[in-house]
Amino acid sequence: MSENLLEVKDLHVQYNTDDAVVYALNGVSLNLKEGEKLGLVGETGAGKTTLALSVLRLLPKVGQIASGSISYKGEELLDKPESYMLGLRGRRVSMIFQDPMTSLNPVKSVGDQIREVLDLHFPQLTKEAKNEKVDQMLQLVGIPASRKNEFPHQFSGGMKQRVVIAMALISQPELLLADEPTTALDVTIQAQIMALMGQLKDRFNTAVLLITHDLGLVAEFCDTVAVIYSGCIVESGTVEDIFSGKNNHPYTKGLIGCIPDLSKDEDRLHPIPGHMADARTLPSGCPFADRCANAMDKCRKERPEAFSEGTHTVFCHLFDNMRGGV
Amino acid sequence: MAQALVEAVDLCKYFKTPKGLLHAVENVNFRIQEGKTLGVVGESGCGKSTLGRTVLRLHKATSGKVLYEGKDILSFSRSEMHNVHRNMQMIFQDPYSSLDPRMSIRALIGEPLSGLPRSERLSAAEEKEKVDAIMQMCGLPLHYANMYPHELDGGMRQRVGLARAMVLGPRFIVCDEPVSALDVSIQAQILNLLMDLQDEHKLSYMFITHDLAVVRHISDDIMVMYMGQVVEYAPSHMLFSSPMHPYTVALLNSIPTIDLSRRGRERITIHGEISSPVNPAPGCRFAPRCPYATEECRNEHKLVEVEKGHFAACTKGVK
């Protein structure tokens, strides 16, 4: 087995706003191996984006990493000076932001924006070499190199997302954080972009952390999955572990039940009752207890321990009996 | 056949742009019976929202007819239209921007009532009662009445949008992407609510969405649009079991599923992107992206009834 590229351990992140302290991440642990595609699934406000921003140390000013560790290739990122992070961001770890419409500079041509990455991280390259790389990269993501002097507003949404992907990949990063890369796009374009990311992963062996709320996308694209709820990982495992329907966390089960099935005619959907807990108060027990049909007294009092079976881990008291003395 | 509640006949909507005529909706025909749902699917920019708005006369149609109970509402006067709009309502896509942030939930839901003719005007007490009843019907706890939109989450706001549409007791509602801004767990709640209301009040819906899974779930008939043209129109089960148009096939194929057995399936990805609907070339507008396109695709684009109730503009997608 290859070594862990990214290791997040017991990470706590909070936002200190004027009104209150918002607990965004409450003890998240996550491992990502080289070349692995990990899907991080959860609803709005679960802390998915906060996790990605924490890795890059790009949290907004009110955000604070309260405790925990993030190690990248064995090096603790939280102890590094800002100068070290500058060399990491965009060079070894790249991020694709959710909204391609707003993450490009409207007054710079797309070619210049892509070349900016090279100017920053590869100043030793000649101008010709850089331009050649930009042309190659554009072609790779399916944009004719002749369009590099055009501006973002001249591109459609799918094309802009390709430009953003080209920017993220031109430095051949070891890790790509993709935050809802296709949410703003249509399904046929989404299929094109995901196929493209798959090809690029095969070519550069880039590890991918795919952040999404779309379970289908994860099932098709990723190797492993982590389900996040209210700032806690509630379940993780390989795609097969999660989607085979055995021993799922009640929340994961609920999420899967919410999706209208294309291959079946069903009358009613099965929504998860209630709402996500207020992140301003720390849950004492399982964060999902209030919405869980199987919740017991214990669930509201104690944080569940991990129950592991091979690669599959679930954090739920329902599996306490199955732990069998471990 | 029984008279349809809402029917469109050769409906067209063009927009004048500096570059030429934008063909947003081209020769669209459909019938919606009472208590039934027509799903309209397509990618962004295909004209599905424009169609919904044109049907309600929020856009002025370029040509064609919209029949409500057999009468062409496009020829109605302003006051006649006022009456029709009580029966034809709309729910908008974005629950964040379609509610006035300075009105309380009670005021928002009661607002349509102030447009009633003088003879039907409700007293303050009656109005309160009515709003309370509608809130309950739409699953809004009554203590929300004095709150403001920013205090509610997306799902609850969408319920407010639905309550506003329901308060006049309509028979037909255009739902323009009502769940696409919501999380899956909330989405399921809203879809169930829409279906319950339909059963209770015999409502008819025109359900506009880009999400095929959602549309299958809620619709009786489905219309697939591409760049203003209807490419396929069929009962829901037929469309999903035997899609015919290459675009429908590609669309169905592009949806990611959690069914692992379909994981390694052969993908028919279509290349390229939607071209411009400004001054389009004659013939099939999907042809530039279509893997099966031939010379004859430049000919006239016409829906043909392939089997009973199943209309398609092209059958090259059949394996």
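Start where chain B meets chain A: select both chains and look for polar contacts across their interface. Five residue pairs, both at pLDDT 80 or more, are in polar contact there. A polar contact is a pair of N or O atoms within 3.5 Å; within protein, one must be able to donate a hydrogen and the other to accept it, and residues adjacent in sequence count only if both atoms are side-chain atoms.

Before you go on, know that this is a predicted model, in which local features need pLDDT of at least 70, side-chain atom pairs count only at pLDDT 80 or more, and totals for chains, interfaces and linings use all residues. Residues are numbered from 1 along each chain as its sequence is written, chains are lettered from A and ligands numbered from 1 in the order in which they are written, and side-chain values use heavy atoms, with hydrogens and water left out.

Next, on chain B, select α6 (184–201), α7 (212–218) and α9 (246–254), the elements that each give two or more residues to the side touching chain A. Helices here are DSSP runs (H or I, at least four residues), as are strands (E, at least two), numbered from the N terminus. With nine residues, α6(B) gives the largest share of that side. Colour this side of chain B by class and you will find 16 nonpolar, 10 polar and 10 charged residues. Ala, Val, Leu, Ile, Met, Phe, Trp, Tyr, Cys and Pro count as nonpolar, Asp, Glu, Lys and Arg as charged, and the others, Gly among them, as polar.

Now show both sides together: 36 residues of chain B and 45 residues of chain A take part in the contact, meaning heavy atoms within 4.5 Å. About 3500 Å² is buried between the two chains, 54% of it on carbon and sulfur atoms. Buried area is the accessible area (1.4 Å probe) that two parts lose on being put together, summed over both.

Where do the two domains of chain A touch? On the domain 1 side, select α2 (82–88), β7 (175–179) and α6 (187–204), which each give two or more residues. Here α6(A) supplies the largest share, eight residues.
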